[in-house]
Structures are given as structure tokens and as C-alpha cells.
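Welcome, and please open your viewer. Let's take a short walk through this model, one selection at a time.

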Amino acid sequence: MRFWGFLASVIPFELAQGLGVTGRFFFKRKATIQYPEVKPVPKDRFRGMFGFSEERCIACHACAKACPIAIIHIQDHFEEVEVEGKKRKKKVLDRYDIDVKRCMFCGLCEEACPTKPVAIWLTSKSYEAAAYERNERLYFDKGRLQSWDGVRPYPGVLTPAQGQLPEAPGGAPAGSAEPKP
Amino acid sequence: MPAPLMTYLVIPLVKIVVILAVVILLAAYMSYFERKVLAYMQIRIGPNRVGPRGWLQPIADALKLLVKEDIVPSRAEKLVYFLGPVLVVVPALLVFSVIPFGPAFKVAGHVVTPYLTDVNIGILFILAVSSIGVYGVILGGWASNNKYSMMGGLRSAAQLVSYEVPMGLSVVTVLLMANSLSLVKIVEAQQRSGVWYVFPGFIAFFIYFVCGVAETNRNPFDLPEAESELVAGFHTEYSGMKFAFYFLAEYANMVVISSIATVLFLGGWLPPFPNALAALWASPALAWIPPVAWFVLKMAAFLFVYIWFRGTFPRYRFDQLMALGWKVFIPVSLVNLMAVGLGVLLIGGPR
Amino acid sequence: MSEPEALKPFPDSEEMEISFGPQHPATHGVLRVIVKLDGERIVDAKPVIGYLHRGTEKIFERETYNGTIPHTDRMDYTAAATNNQGLVGAVEKLMGVTVPPRAAYIRMILAELQRIASHTIWLGTHALDIGAQSPFFYTFEEREKILDLFEEYCGARLTLNAMRVGGQPYDLPEGWTGRCRTFVDQLPARVAEWERLLTANRIWKLRTVGVGVISAADAIEWGLTGPPLRGSGVKWDVRKVFPYDRYDEVAFEIPTGAGGDTYDRYLVRMEEMRQSVRIVQQCLAKLPDGPVMAKVPKVIKPPKGDVYFSVEGPKGELGYYVVSDGGTNPYRLHVRPACFINLQALPEMVRGQLVADLIAVIGTLDIVLGEIDR
Amino acid sequence: MTEQDKPTAPAESAPQPPAAPKPPWEEKPVTPVPHDAREHPEVREIAAAVPDAVLEAVEFAGQVTVTAAPERLAELARACKALGYGFLVDLTAVDWQARPEGRFDVVYWVHRHADSRRLRLRVRVAEGVEVPSVTGVWKVANWMEREVFDMFGIYFADHPNLERILTWEGFSGHPLRKDFPIEGIDTGAAVYPDVFPPGGGPVAGGEGES
């Protein structure tokens, strides 16, 4: 068998085998997606851009406490509200800001939110929130969190302002948060 | 227009312009061809944004390099730094003057030869000129006053010198068979004997091509510009047009090696098995294929193999590369030279 | 093996000192190696680290226990699942929580998929450093499929944050196990294809056999764990020695190499990918039903005391030392980083070799600077 | 809950009695209880090798911790290496700021490959006291001790090159000490005097200008 060993060492069969592999890949289907024209489809649980609904938010600060890097700033005050004749004190949200510039999209705020369905959610499928200037454009206050100006929603996903509420008509649109088990 | 002025000045000038234009365009589109083929081997697509299906990518690259700022390191040797790329490009383009792209043919009464000159010491000229390219690499590496590029320069000097020898020896085996140094006569010798020299001199062909890959610093021998080790080897400090020259020279050298291999081993512009299938090639269906097409087809095949190598093989370490060159290629090519010499002596070869 | 030791540096040759990195194409992150060269031969190599130091262990001390998990994703950013698995395992051990079997199996599936993904990054970049360009794209194509599975399960591709103290925050989406099985069933064929490109390749062998050799005794002395240790022939894997989750209910082997050089470590990791496929297949078959979260209070307050718990990460033993003073924040949370300790053996493995081998050895140690610098 | 160290049958998960109690993950967590571990074979082994070095031995959640006297540490380390603990798993420190008997805990994990036994050695050290370096016994301790010095400021006697490993040379202070501010110190002015006015640097996490 020494002869075959010598022959194999002289004639590079295994190099040809390697060339065969790359040769076959030459004809295989390509994996490239032309990004701007063809957008990759995020999955349902994709933790993308924030969604926020002020009606459902009870200003309990649970999300601000749960956030590992404390970038949710909430201020609220009490107001007297007449509910069926009884005087009730109700919390009103003044300020609900998220410093998205430093956010790591870990989703702990969405998990901590006690309301059903959640008032702050990340599972909107939009990921195009790039900005030229980070301090201003990426600091989302209550209004922008709902109107999403400056964020291009993923086609088919309603922005919070367009009523992306789970009980919006036609059940939960693809982008809204289905209630967590 | 007096005849000598025409034959010694105007026609060569026209040919020079044509050949230079073709070569530079070919080298530019080589980069596009390489990026596309490499991409297809790596399940991706390659440039397809600039122009239809990416056709204008090389033009865009050239323009970019043209207008890019040409940074010269402060403590570089200005003159030698400038000379580096020149010394690499000029030999690469000079070699094309001798390569026969096709046989002489008649156009409106004039005999037109699709090559610049038919120097009767063609092979010697090519080997001599292409070894000047080494200076460009070494001087470029040393002059840019950067540790990495100096190492890159030294490495490529040792590599090019030690692979020049086996390449020369394998070319000599072809000379034995063709009994002439001029490239045109070699192709005609292959036509007369009806067999391409790749069949009798297969070992020489294999060694020639592998050494060709080493001469042009291509994978698996791309030590001098091994990105992972020396950042970018000898052309780390070059940018703008000077970098474009190194780029152009590398691709031009690839085309040179491929075309010489075509001429020496695959019978230049001859269709496969020129004599045995002469009837087939002369038949009306295939008669219209110009000889130049055969030449370009074979050269393209070689270039594809170059890129195929780049997509597949890892890189040799420097000492292994030298060991392979000296301990394997040189002895084998010497033994092969003797064998072919003996063969030619016995069989008698073309007179 | 080329004879580097025989060539002693010439007495009067002055060595050239090169700084390798921290921004260098082949240092897998911001590692700087100050290399003393005699010609091309390495006389000495001194790694300099700390460029990516973010003070993770200090940050741990101000976070709640579930708040530390996103930070562990960012230590070894190529293996978030095993990082999470280590931390939550340590806190559960401290609290005495038993994780429901379904959660344990989901964790094992995620960890093994993460091991495969980490090994694909290693193979892609290691082959690229040594010159072979194509494996990079083939391996990343497979890794893309794993990241899609992760994205479908927890919403993130790289920084998963997919485990909580006490179990899993959410269950597998339906159809996920089917997609996971189809991926895992076709992976061995892909690994075989990569091996056809490299394993027998003479240039690959020339570049890896006899490079970065470390003996079994030295490997233990230098505290190596994971593939670098198993490449030298020591059959030691945390999943077998201290079984956690449900690894004792799953059959798999531990591949070991003989020579302790780069080629053996390459073979060990390729075999580990096949073993991970076996594990995931068995986990998918045995996946029990039931809850995914144990009865754990909403605010995690472990008892006073300290515990050390380690998992077998793709790079080696990843340990967590949790010291609790009974509060909601960990009093001290130390991480035993496998890459940090494996990197320490670099000078030992590289002395006397050539510059090109330094690149091969950095690749074979499979270091990630996020875990080294924390 | 599976045992980390004791290869014997785990004590916690009691065998399922015939009545169908809820499985352990539906019960409230069973917090482990520390109890004395002087009789453990490996602790007796160590105590025999180095007489009065073992101050106390505790077994908690299946892991044995031996607290040793700081001055006998070098001797203890050599004894452990002799007993086969060839693999130093990890070495770190914990800062108990207000503790009277020594502010720092320096903790070592040693592991014996032969029978997969793992042991934790702990040494209580006051601030400024030099701890003998174990790089002589296990080479891997080099960087670990440098990191502990960098983070805690604990000096290790006859360490080959005791210098900072993660923070840069000019860094003042030891980050993992409890008295080091969590939001970081102002290094901007010290490192980039021309960019930040004295005292005006971007305190870690602060709002430096974009």
C-alpha cells in the first residue's frame, strides 16, 4: 500500500475533492436578499420597535423598575375623577419617555407590564429606526411612542396611532402583542 | 504614406493602442469576473447594483481609485515609493507585445498579424521581463516604511525568486518539443505535430500553472498580501491610483500567465485536435469560429481555475511554501526536463 | 512537526517587536498581542486585553436577578443561550428551585443549538484566517437557520435573554419543534461537506498539524477547559462530570483528540457539532408537556449564602459564583470566563512558531473578547 | 435539583411517596441549609495534610467550603496540589465592607480530575494585607490574581508581574470595591484633558455630549 500512499501524496486527489465542493456550490441557489426592495420577514415574537398605548397604561412604574438600564422615565400625578357618582383619584400620565438610544431591546418591560393586553410592547415587527442624530431623534416621548414619526413601520404593521390595539378590528394584527401566557 | 513609415510606425502604434486598451479593460473586468465567480461559489450574488447586473462595477472602481486621495506616508522614501507600482505595471503590460492572439490573416490585401511582434526569442523575453516585477513589490514594501509591508515585500521576493526556477524549467521542456523560442513558431509546431503539448508534457504543464499561481501571489500562495497576517502585505500603505496600479498589475499578470500557458501547452489559437478533427473544424457549421475565439476561450478557462483556487484552498505558511518550491517543484521539473529531452531525442520531434 | 525549538535565536540578532491588534482582522475582537519576532519566528507573545471591559460584574450588583440576564447575553456574544443557562442555573441552585422538565429540555435544546452556532462562527473565521474563504459563507448559512429558530422562539437572534430564574418565560411556538427537527436532521450532511473541504486538505493539515501544541498535563496546569482541553486528550466535560438540567437523561459522547494541536481541536469541535445534533434530536423526541415555569415569587430574593454553578459553554467551563445577602440584587456575582483563562496559555502554545501560526492558534482557542474583558 | 459535587445520591429530592404530592417545581423552593462539613473525607484529608490551617468547613447546597488561615495559604495550596487537585478552576474575591474579621474574602476553587471532586478554599484578609501568590503552584493563577488586584486592590506576594489587566495603567481606584461609586468615576478629564474640562468628563453612564 506504500505505492498508493506515495501516489496520493503526489497527485492532490483531496484538493480536487475540495474543488468539487466549491464547484457544486457554484450552481446552488443563492441566499442573498436584495434588502431595500425585498424586506426580510421578522417573526411574530420579534422584539422590534416600541409600541405604547396611553389608555391602557396605569402608570404603575413596573416597566421602569424592571428595565435593567433604567431608561424609562415616567412622571404622573393624581386627579379627581367622577366615576358613577363616587369621587375617585386617578393617576394621569404626564411624561412617559424611553431613551431608545441606549435600549437593548431585552423585552423585560413588556414582561413586567401588569395590564392585559400590555400597554408597552416590543413585538412590533418594525426595525427601521435609524436616525442621523441620536440624542434628539432616538429619545421617544409619549406622543412619538404612539405616532411613530421617524420610524418606518414594517409593511402591514399598524403603528400604535393607527389603533394597533389587540382588540383593533380583525383581532390582533400581526405586529401587536398577543397576551403572554 | 511611405510603406516603411506605415509598417514600422503607424501599424505598430495602432496595435499597441488596441492591445493596451484590450488588456486594461480585460484586467478591469477580471476583477468583476473574479468577484462574480467567487460570489457564486459562496452562495451569494456579487456586485449587481452598478449598471445592469453590475457590469459597470469595474468602471466605478477605477473612477473611485482615480479620485481617491493618494496618501503618502510621511517618512516614506518618496521616489522609491512612487517607483514601486510603476515597476510592477510596466513589465506586466510589456509582456503582451509578444503574445500571439491568432494567426496572420489578410484584410483588404494587407497581411495583418494579430500580435505586435514575433520576436524569435519570445520565451526568453517574457521570462526576463516578468522577473522585473519582483523589484516593484520589494521596493514598494520597503519604501512605505511600515513593518507589515516590509515583511510582505521580503516574503514575496523570496517567493517569486524561488518559483521562477521551476517555471523556467517547465517552459524549457516545451522549447525542446517545439524546437523554437518564438511563440508563433511554437503554436505552428503544435499545429504541424497535430498534438497539443499539454499531453506529452503534462507534468510540465501542471508545474508551470502552479508556479504561475505562485508568481502572481495568488491563493494558495498569497503570502505577501495575506490579509490575516500582514494586514495587506506590501501594498498596505498605498491608496488611490498607486493602489490601482498594483491591482491592475496583479490581474494583468494573471492574464499573462494564462495566455502563455495557452500558447505553450494548449496550442494558442488552434482548435482542439487540430489535425485529427480538421474536417470537423472546416465544416460550414464551425468554420466561422475565428481562431482568436479559441485563444480567449482557453484563457478564460485558466482564469476560472485561478478563481476556483482562491475560493477553495487555505494558504501555505511561508516556510512550507519555500519547502514546496525547492524540495518538490524544482527536482520534479528537472527530472521531467530530462525525460522529455530523452523522449524528443528518441521520437525525433519536428525538424 | 517543523523543528522550531532547534532554531535558537542568534545571539546578536535584535528582535523586532510588532503590536498585533487591537484592531487587526484576525484577532476575533479587540485583542492586542505584542509579539517579539526574530525574523518570522515568534520569540515571545504578550496578550494585552481590557479594551472591551464594561464592568459587567459591577453592573450585576445594581441589577435585579432577572435584570442581570440581558447583561450575560453580552459577555460571550456568540453564545447567549449558554450564558443565560449558567446564570439562571446558579440562582436556582442557590434558591433550591427545581425547574419543570419541559423547561429543562427547552434549555438543553437552546444550549446545544447555540453550541452549534458558536462552532460555526469558530470554523468560518478560523478557516478564513488560514486562507480558506468559502467555509465562512457555508457555515454562516447554517448559523442563519439557527438564528431564525431563536428569533421565532424568543424574539432576538443574538442577545436572546430567553431564560428566567425558575424556567422559561414563554413556551415554544407551535411548529417550532418541526422546523428545529428539519434543521437538525440536515446539519450532519452540511458538516460532512465542510469536512470534505478541509479535513483531508494537505494545505490545511500543513497549517494545523503540530501548530499550537499543548500537552494534557500543561493543559490542566494552564486551566484550559472545553475543546482546547479535550483536544489534548483529557476526557472532561461539565455536562458529564456535573450533569445539570437533564443531561444525564440524554446519550452523547465526548470527542477527544490525541496530539493537542490545532488539527485535533478542529476534529474535536467538528465531532462536537455532530454530538449536539444527537442531543437535540433526543431532546425533541423526549420533550415532555407541562408548565415551563416553576413556582417562583415575582421578585427573586435568594437566601443568604453563596453558590458556584458551571455549565459547559462552547468555549469551555463557564462558571457563575453568586453571593447573596438576601436582597433583590446579587451582593457579588463573579463569572469564570472560559476564554479569559484559555487565552492565558497563548504564549506557551506559540513560542517558537511562526507569525502565521499565531493567527492559527488565536483561531483554535476560539476566544471572544466580550467574555475575556467582561 | 441535581447535586453539583456530591456524586452520592442527591439528598434533596426525596423519593416520591405513594400519595401524589405536587412535583417539586410546583412546591415552594426548598432553600438549602448550611451545615458543618468537618467530617467530609476531602476536608479531613486537607486537615491531616496541613494541621491547624482549616478554621471551619461548611457544606452548603452540596458544595464544601473550607475557610483557611491566610498565613498558611501557600502551604495549603501546595498540599492541595500534592493531593491531586491539579486544576485551579477559578480565583476571585468578595468585598464585605463592614466585616470586622477581614474585609476581603479571597476564594479559590480547586478540582481533582481523578475522582471529579471540587473544593472551595476561602481566606479572610483585611485591607492592605498581602496574600501569598499561588502562581508557583498553579500557573493559571497569574491572570486571575492580576484581575483580583485590578478590581479589589489586594496585593499578592511574589507574583511575577502584578499589574492591572482589565483597566488601563492610568486608572485610579479599584472598581469592584463596594465603596467605588456604581456610576463610575470621572476618568474623562484625566484621560482626555483637552476634550473635557477638569471634573467635566463623561462619568460612566452620564450624559456626555453626543
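Below is a list of stops, with what to select at each one.

This is a predicted model, in which local features need pLDDT of at least 70 and side-chain atom pairs count only at pLDDT 80 or more, while totals for chains, interfaces and linings use all residues. Residues are numbered from 1 along each chain as its sequence is written, chains are lettered from A and ligands numbered from 1 in the order in which they are written, and side-chain values use heavy atoms, leaving out hydrogens and water.

**Chains together**

Start by colouring by chain. Chains B and D have no contact, and their closest C-alpha atoms lie 25 Å apart.

**The sheet in chain D**

Strands are DSSP runs of E with at least two residues, helices are runs of H or I with at least four, and both are numbered from the N terminus; two strands pair if DSSP finds at least two bridges between them.

Next, pick β3 (63-68) and β6 (117-125) of chain D, which run parallel and are joined by four bridges. Thr67(D) has Arg122(D) as its bridge partner in β6(D).

Step back to Ala61(D), in the loop between β2 (54-60) and β3 of chain D. Its phi is near 55 degrees, a positive value in a residue other than glycine. Is Ala61(D) buried or exposed? Ala61(D) is buried, with a relative accessible area of 7% (buried means under 20%, exposed over 50%, partly exposed in between, using a 1.4 Å probe and protein chains only).

**Loops in chain B**

Move to Asn145(B), in the loop between α4 (122-143) and α5 (147-178) of chain B. Asn145(B) also has a positive phi, near 50 degrees, and is partly exposed at 41%.

Then select Asn219(B) and Pro220(B), joined by a cis peptide bond with omega about 0 degrees. Pro220(B) sits in the loop between α7 (202-215) and α8 (227-230) of chain B.

**Last stop, chain A**

Finish at Lys116(A) and Pro117(A), where the peptide bond is cis, with omega near -15 degrees. Pro117(A) lies in the loop between α4 (108-112) and β4 (120-121) of chain A.

Methods:
Contact = heavy atoms within 4.5 Å.
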